[in-house]
There are 2 protein chains.
Amino acid sequence: MSKNTHISQLITRLARLSASETWGGDLNPAQVSALSYLSRANRFSRSPSHVAEYLGTTRGTMSQTLKSLVGKGYVAEVSSETDRRSISYDLTPEGVRLAARRGVLDDAVGSVPERERAILHGALSDALRSLVAKNGGRSFGICSTCRHHQRKGRTPYCGLLDLVLKPEEALQICREQTS
Amino acid sequence: MSKNTHISQLITRLARLSASETWGGDLNPAQVSALSYLSRANRFSRSPSHVAEYLGTTRGTMSQTLKSLVGKGYVAEVSSETDRRSISYDLTPEGVRLAARRGVLDDAVGSVPERERAILHGALSDALRSLVAKNGGRSFGICSTCRHHQRKGRTPYCGLLDLVLKPEEALQICREQTS
DNA sequence: TTGCAATAGTTTCGACTCGCTACTATTTTT
DNA sequence: AAAAATAGTAGCGAGTCGAAACTATTGCAA
């Protein structure tokens with residue numbers, strides 16, 4: 001029984017215990033995860049495929065989850081102008097409000113001493129990168145940490161998509177992010 | 001969007017991504033969690049109630065999960081001598097073998113630099129303790145870290161149950177553990 | 001350009017999870 | 001001895017999930 005196993009079990013147990021939280025009463029864990037991701041993803045990364053890949057599920061399953069979030073009024077479908085197959089799911093004001101809620105797991109993490117929290121974040125990021133790499137997926141990192149991230153004067157700029165970005169977008173999750 | 005939220009999302013995402021692992025082909029995530037717990041719990045902590053409390057689910061749900069593990073040959077029912085309502089689920093040799101398997105999440109944790117791993121473990125333990133405390137539950141800690149843990153010469157001894165323990169039991173999970 | 005392959009999303013089906021409630025059996029309390 | 005508490009199980013219904021089939025759109029290549 002290795003130390004690594006203990007840590008894995010801590011991670012899955014934390015996730016499992018916090019999964020019983022219903023978030024305002026009408027959201028299940030899958031929906032919470034999806035909503036939470038959407039609240040942090042940039043405008044190029046909010047399709048069913050992207051959320052599915054991020055959370056390690058299938059497009060079909062995620063399609064159901066997102067439709068149910070639409071029904072509850074937390075997200076809205078926005079069809080793409082450039083690719084008519086593609087849909088972006090954007091948060092409604094209610095969705096934004098709900099996503100800003102602190103969950104029990106957030107509070108629990110808050111009880112970790114300040115100094116250790118940065119290390120915790122880094123260590124979990126390392127583990128995630130390794131896990132994702134083995135499965136051949138993308139890590140979906142923060143835009144500003146990307147090798148394509150540049151600046152034109154004061155405004156951020158994406159060298160991959162050749163696009164000027166809004167300042168807040170540099171801090172969002174992007175599916176194309178590469179270290 | 002606080003740093004705590006980022007960390008929570010890392011935790012749930014790691015758990016979710018690793019949940020798709022089937023562990024030899026015929027175990028689902030709930031069963032993996034239960035088996036994994038049983039492999040680390042001492043003989044006083046292996047009943048359906050205990051596993052349910054540890055994993056934050058109900059007795060009814062856990063009863064099903066454990067029955068299905070029995071059907072697959074990984075655990076066996078052992079009825080208690082002292083309390084005829086009570087059942088302990090012990091691992092079969094196949095169960096032991098399967099529980100010893102390293103999962104993708106274990107490997108991912110292994111990629112975290114050695115120095116940070118101890119801090120990761122401590123930080124996650126802190127978070128878990130805080131989460132459990134808020135829900136009024138038990139943390140199910142390691143026997144040897146318990147306030148009732150004593151030694152009679154060389155052998156460990158439990159002051160709460162007034163029992164001599166086998167050496168390996170001191171390192172197992174106990175539902176009565178109190179810091 | 002036309003046809004074929006790839007991609008995005010949805011739908012449907014079956015297996016399964018999960019919480020809830022009701023129930024039996026046993027133990028503990030009063 | 002009766003009542004209350006506890007351990008475990010069974011069955012129901014809502015919902016998750018993955019797989020496969022399907023539609024629509026886009027990309028590619030002959």
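**Stop 1: two helices in chain A**

Start by selecting helix α2 (residues 29–38) and helix α3 (residues 48–55) of chain A: their axes come within 10 Å and cross at roughly 115 degrees. That makes α2(A) roughly perpendicular to α3(A). Axes here are lines fitted to C-alpha atoms, for helices over the stretch in contact, with angles from 0 to 180 degrees between N-to-C directions. Helices (H or I, at least four residues) and strands (E, at least two) are DSSP runs, numbered from the N terminus.

Before you go on, remember that this is a predicted model, where local features need pLDDT of at least 70 and side-chain atom pairs count only at pLDDT 80 or more, while totals for chains, interfaces and linings use all residues. Residues are numbered from 1 along each chain as its sequence is written, chains are lettered from A and ligands numbered from 1 in the order in which they are written, and side-chain values use heavy atoms, leaving out hydrogens and water.

Which way do these helices cross? The crossing of α2(A) and α3(A) is right-handed. A crossing is left-handed if the near helix is turned anticlockwise from the far one by less than a right angle, and right-handed if clockwise.

Now show side chains. From α2(A), Ser33(A), Ala34(A), Tyr37(A) and Leu38(A) meet His50(A), Val51(A), Tyr54(A) and Leu55(A) of α3(A); contact means heavy atoms within 4.5 Å. Sorted by class, this contact of α2(A) with α3(A) has six nonpolar, two polar and no charged residues. For these classes, Ala, Val, Leu, Ile, Met, Phe, Trp, Tyr, Cys and Pro count as nonpolar, Asp, Glu, Lys and Arg as charged, and the others, Gly among them, as polar.

**Stop 2**

Keep α2(A) selected. Eight of its ten residues are buried, so α2(A) is largely enclosed by the rest of the structure. Buried means under 20% relative accessible area, exposed over 50%, and partly exposed in between (1.4 Å probe, protein chains only). Among the buried ones are Gln31(A), Val32(A) and Leu35(A). To see what they pack against, display α3, α4 (59–71), β1 (75–79), β2 (87–91) and α5 (93–99) of chain A, together with α1 of chain B.

Next, click Thr92(A), in the loop between β2 and α5 of chain A. Is Thr92(A) buried or exposed? At 15% relative accessibility, Thr92(A) counts as buried. Leaving aside neighbours within four places in sequence, Thr92(A) is in contact with Gly73(A), Tyr74(A), Val75(A) and Ala76(A).

**Stop 3: across to chain B**

Select α7(A) and α1(B), whose axes come within 10 Å and cross at roughly 30 degrees. These two helices are therefore roughly parallel to each other. Here α7(A) passes α1(B) in a left-handed crossing. The contact includes Leu120(A), Leu124(A) and Leu128(A) of α7(A), and Ile7(B), Ile11(B) and Leu14(B) of α1(B). By class, the contact of α7(A) with α1(B) has eleven nonpolar, five polar and three charged residues.

Stay here for the largest nonpolar core. A nonpolar core is a set of buried Ala, Val, Leu, Ile, Met, Phe, Trp, Tyr and Cys residues joined through side-chain atoms within 4.5 Å. Which of the 32 residues in the largest nonpolar core touch the most other members? They are Ile11(A), Leu124(A), Ile11(B) and Leu124(B). Colour α1 (3–19), α6 (104–110) and α7 (114–134) in chain A and in chain B: these elements give two or more residues to this core. Click Ile11(B) too: not counting residues up to four places away in sequence, its contacts include Ile11(A), Leu14(A) and Leu124(B).

Then find Val104(A) in helix α6 of chain A. Beyond its neighbours within four places in sequence, Val104(A) is in contact with Ser18(A), Glu21(A) and Leu131(B).

**Stop 4: two last residues**

Jump to Tyr157(B) in strand β4 (residues 155–158) of chain B. At 10% relative accessibility, Tyr157(B) counts as buried.

Finish at Glu176(A), in the segment after β5 (163–164) of chain A. Glu176(A) is partly exposed, with a relative accessible area of 22%. Leaving aside neighbours within four places in sequence, Glu176(A) is in contact with Arg138(A), Cys146(A) and Leu160(A).

Key: Angles under 35 degrees count as roughly parallel, over 145 as roughly antiparallel, 65 to 115 as roughly perpendicular and the rest as oblique.
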